[in-house]
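Here are my notes on the charged side chains in this model. Please read them with the structure open.

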Amino acid sequence: GLHLTIDERDHLFRLAGHQPPARGGISDHIGPGMLRILDRLQDTPAEIVSELGETLRQTPLGVALTGDTAHLTGMERSLGYRWFREPSTRDLYDPAEHEFLSRLWVSGLREVIARRGPSSRAARMADALQEHSAEFREIWDRHEVGLRPRETKRFVHPDLGPLELTCQSLVDPEQSQFLLVYTAIPGSESYEKLALLSTLAPRVFV
């Protein structure tokens, strides 16, 4: 809420006699620059996510598009974790994309573990998924890395139906966070549907 830089935040914690929260991939702190950009996107579906796919902040239209996921806690905050543990998570995405998205989440998680180490939250998440998901275990055993998200995201919205949206991302390398902004090609059917999304946003907060 104060839009502090990480150094300013840490200084404030020390002045209060507390140890500052962790930086980097395990921190929920969002830099003020990223927050200012998000604040200017109130008429656009957008969200800030961590390297583990945890939603940290959403615009109202972001909530209308993907649901209110920023309030979740624990491993359930991660879309990749819910993808393998909660089948209904996949309902929002085109079934033709499910196989690729499963591989994408596993590949991304493996890369995060390589950066953060065997005692990281990412490693604990992988252990939990290997225990509970046969699909995750099968893909994990392929040792596939290097997959990248496709620019076009194909959603199946419960009210608007199929949506093809372009996802632009802005990276904060210091915090390993990503600002995802969803747009549609002007004149397309998805563009017309996206214009209706604002009529659904107020219902999210009822």
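Contact here means heavy atoms within 4.5 Å. This is a predicted model, in which local features need pLDDT of at least 70 and side-chain atom pairs count only at pLDDT 80 or more, while totals for chains, interfaces and linings use all residues. Residues are numbered from 1 along each chain as its sequence is written, and side-chain values use heavy atoms, with hydrogens and water left out.

1. Surroundings of D172. Neighbours within four places in sequence aside, D172 is in contact with G31, M34 and Q177. D172 belongs to strand β4 (residues 161–172); helices (H or I, at least four residues) and strands (E, at least two) are DSSP runs, numbered from the N terminus. A polar atom of the D172 side chain lies 3.2 Å from the backbone nitrogen of E174.

2. Charge of D172. D172 is buried and has no salt bridge. Buried means under 20% relative accessible area, exposed over 50%, and partly exposed in between (1.4 Å probe, protein chains only). A salt bridge requires a side-chain nitrogen of Lys or Arg within 4 Å of a carboxyl oxygen of Asp or Glu. The nearest side chain of opposite charge to D172 is R116, 10 Å away; Lys and Arg count as positive and Asp and Glu as negative, with His and the chain ends not counted.

3. The partner of R116. R116 forms a salt bridge with E51, with the closest N and O atoms 2.8 Å apart. This pair links distant parts of the chain, 65 residues apart: R116 is in helix α5 (residues 98–116) and E51 in the loop between β1 (46–50) and β2 (55–58). R116 is partly exposed at 34% relative accessibility, whereas E51 is buried at 13%.

4. E54 and R121. A salt bridge joins E54 to R121, the closest N and O atoms being 2.7 Å apart. E54 lies in the loop between β1 and β2 and R121 in helix α6 (residues 121–132), so the pair ties together parts 67 residues apart in sequence. E54 is buried, with a relative accessible area of 1%; R121 is partly exposed at 26%.

5. E164 and R154. The side chains of these two residues meet in a salt bridge (3.4 Å, N to O). E164 is in strand β4 and R154 in strand β3 (residues 152–157), so the pair ties together parts ten residues apart in sequence. E164 is partly exposed at 44%, and R154 is partly exposed at 30%.

6. Wider picture. E97, R150, R154 and E164 are linked in a network of salt bridges. The structure holds twelve salt bridges.

Technical notes: A polar contact is a pair of N or O atoms within 3.5 Å; within protein, one must be able to donate a hydrogen and the other to accept it, and residues adjacent in sequence count only if both atoms are side-chain atoms.
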